[in-house]
Amino acid sequence: MTALSRPDWMGLLARAPADRLAQLLPDEPQARFLRPPEIGTVMVRGRIGATGGAFNLGEMTVTRCSVQLADGVVGHAHVQGRSRDHARRAALIDALMQTDRASDVHTRILAPLAAEEAARRATRAAKAAATKVEFFTLVRGEDT
Amino acid sequence: MYVAVKGGERAIDNAHAFLAEERRGDPAVAELGTDQIREQLRLAVNRVMAEGSLYDPDLAALAIKQARGDLIEAVFLIRAYRTTLPRFGAARPVATGTMACTRRISATFKDAPGGQILGPTFDYTHRLLDFKLAAEGGAVPDAPMQPAPSASLPHITTFLNRDGLIETAPPTDDTPPDLTREPMELPASRALRLQALSRGDEGFLLSLAYSTQRGYGRTHAFVGELRIGTVAVELDIPELGFAVEIGEVELTECETVNQFKGSKTEPPQFTRGYGLTFGQTERKAIAMSLVDRALRWQELGEDHTGAPAQDEEFVLMHADNVQATGFLEHIKLPHYVDFQSELELIRKLRAEVMAAQAEAAE
Amino acid sequence: MTPDALTGGFPDAPRNAARAFRAILDALSRPGEIVTLSGATPPAPLSQAAGVLVLTLADSTTPVHLAGATDCPALRDWITFHTGAPLVGAADAAFAIGRWDDLQPVSRFAVGTQDYPDRSATLIVEMPGLAASGSALSGPGIAGTALLSLPETEAFLLNNSLFPLGYDCFFTQGDSLAGLPRSTQVRAV
């Protein structure tokens, strides 16, 4: 198994489809909310000319949540969209990944999510690659 | 002048009921799901997200349904909803150089490393109505696939940079101004202009950009690169002390390369215009980059030719379609008292003119 | 993050914040009236009223300045986690929190500009006690005169003379809150 850093698994959980998380975490551990799921926005920024100073592009919806497991471990989540369930489950899994259940959670939840995401991305990239133009030189300008 | 009047409540309630019925249309026809709008009218969804300045495809689809397909009304709904949400913070600027591109073309460099990727484009369609789409239920074959390189595609303009032929945009860490928090003040920085253009009306920007091509503030633009794809959005989380990816957004980015003969302050080189918009919104991004470039006349020491696209106030104060439609459409609402006073003024002026004419005739 | 930082926020943010906002609005629009704020438990030394006020009004676009004893790790982390507000020096603050002595000199705080008088600071003054006695208040929102136990009168007279510029104040103690906008005239009794 590849070791995932905390930013890695938090990103993976945020990008995962909300209903897929529900399937992969059918039984939720006992926990209390430090911050109940809350819907808000984050300002997305670009850079002038792709590399220059930042500018405000527009906002995106985000739901955040923080939980504490019975043993005191804290999990956080900031996930795109407006699904409270998604944010809660992502925070719970973030917490579980810091406990001795990490290896099990990785195998049952994170590894399938990572594989599915890689497949989705590969499919899309392959469809784009199929539209890549191959140029054929028909005539050159010189006299023959 | 505004005067409060009462009445019309029942008429308004009934108008709302009538509107709801008209929105639904013939009940014998299946109701449109917001998921259908999101998936099958995606370019409309993208436009509402770009001009509503809120990236959320489900919300944009709902707004389109509620607005009966009136996209400016849908943008209005999204803007209004946005104001009810707290803002958790600002993300790190997106790195478009790492974009997972579904489309990436250049009109200037045929052999750009990474190649020309057409993606799902209308460009080479014949614009013939496809009556097969009118018949329901046809399965769409899977699009062909080919092995894709894993490396991300570099920006094409970086290749011009190597010879120093193109202006550069060095990064800064300044916090950009935000016109949704503080009223726009002119003259505006380029960062503020780009924010205003990115949420501006596509039709307005299209016409302005077209006007620069026809000679009103000509900037000789080529599309150096147009790319569409997804980028990661990273947010610094204070309670964690590091940044995490919170999701991905689809963006369209356009960089124009513009001929520039040099000015008192700048050597001859290529200059650039920049467009970046939510979703697959290619026409908007190209228009934005042309208008951005036209607005830079002062910074680059060019002449002001009096062209509308060079006039910052004209462009920025009229680009927002929610503002524009709000002011435009309000004139259809009751102005009975204003009009009454106008009426009295006209009667008085007429009486004076008539009296003067009668006097002259005598 | 300190352990207390993650707890003590609003359990039901939309409702808690809406109720608190109404009470805060009442306090500021009827200077001298003492209202009660509840719903959050900030770490010491912040009072409950000041904590609720911060949770309700501060966010990532309102820089907060912590003066005196309030500038401690527990409170810095608590405000960061629950509001996202950046912590800044006095001159850049939208909100400043501390005892009256800790906030001196108050001339450090933003009073707005002629074009934008709203770009000014709001001071959240932690008080040893809060009662309807002491200085006499008059002006908008007050029928006749109201009394409030202000820490002094001189500074508020000066602040009122800047109108429409000036800072606005909240006074907090325990779960009690009173407001003193820049428009209120203050007189020692």
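The questions and answers below go through this predicted model, taking its chains, their contacts and some of its loops in turn.

This is a predicted model in which local features need pLDDT of at least 70 and side-chain atom pairs count only at pLDDT 80 or more, while totals for chains, interfaces and linings use all residues. Residues are numbered from 1 along each chain as its sequence is written, chains are lettered from A and ligands numbered from 1 in the order in which they are written, and side-chain values use heavy atoms, with hydrogens and water left out.

Q: What makes up chain C in terms of helices and strands?
A: Helices (H or I, at least four residues) and strands (E, at least two) are DSSP runs, numbered from the N terminus. By that rule chain C has 5 helices and 9 strands, and from the N terminus on they follow the order α-β-α-β-α-β-α-β-β-β-α-β-β-β.

Q: Why is chain C called as compact as a globular protein of its length?
A: The radius of gyration is taken over C-alpha atoms, and the globule rule is 2.2 Å times the number of residues to the power 0.38. For 189 residues that rule gives 16 Å, and the radius of gyration of chain C is 16 Å, close to the rule, so chain C is as compact as a globular protein of that length. Along its principal axes, the C-alpha trace of chain C spans about 45 × 30 × 30 Å.

Q: Why is chain A called more spread out than a compact globule?
A: Chain A holds 4 helices and 3 strands, which run α-α-β-β-β-α-α from the N terminus on. Its radius of gyration is 21 Å, well over the 15 Å that the globule rule gives for 144 residues, so chain A is more spread out than a compact globule. The C-alpha trace of chain A spans about 85 × 35 × 25 Å along its principal axes.

Q: What share of the residues in chain A and in chain C counts as buried?
A: Buried means under 20% relative accessible area, exposed over 50%, and partly exposed in between (1.4 Å probe, protein chains only). On that basis 53% of the 144 residues of chain A count as buried, and buried residues make up 52% of the 189 residues in chain C.

Q: What part of the contacts in chain C joins residues 24 or more positions apart?
A: Contact means heavy atoms within 4.5 Å. Among the contacts in chain C with a separation of 6 or more, 67% are between residues 24 or more positions apart. In chain A, among contacts between residues at least 6 apart in sequence, 53% join residues at least 24 apart.

Q: How many residues of chain A and chain B are in contact, and what area do the two chains bury?
A: The size of an interface is often given as the accessible area lost when the parts come together. Here buried area is the accessible area (1.4 Å probe) that two parts lose on being put together, summed over both. In this model 51 residues of chain A are in contact with 72 residues of chain B, and the two chains bury about 5,500 Å² between them, 62% of it on carbon and sulfur atoms. On the side of chain A, A:Arg45, A:Leu57 and A:Glu59 lose the most area to chain B, together 13% of what that side buries.

Q: Which residues of chain A supply 64% of the area that it buries against chain C?
A: The contact between these chains takes 8 residues from chain A and 6 residues from chain C, and about 540 Å² is buried between them, 61% of it on carbon and sulfur atoms. A:Leu34, A:Arg35 and A:Pro36 supply that 64%, more than any other three residues.

Q: Why does A:Ala50 count as buried?
A: A:Ala50 has 12% relative accessibility, which is under the 20% limit, so A:Ala50 counts as buried. This residue lies in the loop between strand S1 (31-47) and strand S2 (54-69) of chain A, and its phi is near 75°, a positive value in a residue other than glycine.

Q: Why does B:Ser53 count as buried?
A: B:Ser53 has 5% relative accessibility, again under the 20% limit, so B:Ser53 counts as buried. B:Ser53 is found in the loop between helix H3 (42-52) and strand S1 (54-55) of chain B, with a positive phi of about 60° although it is not a glycine.
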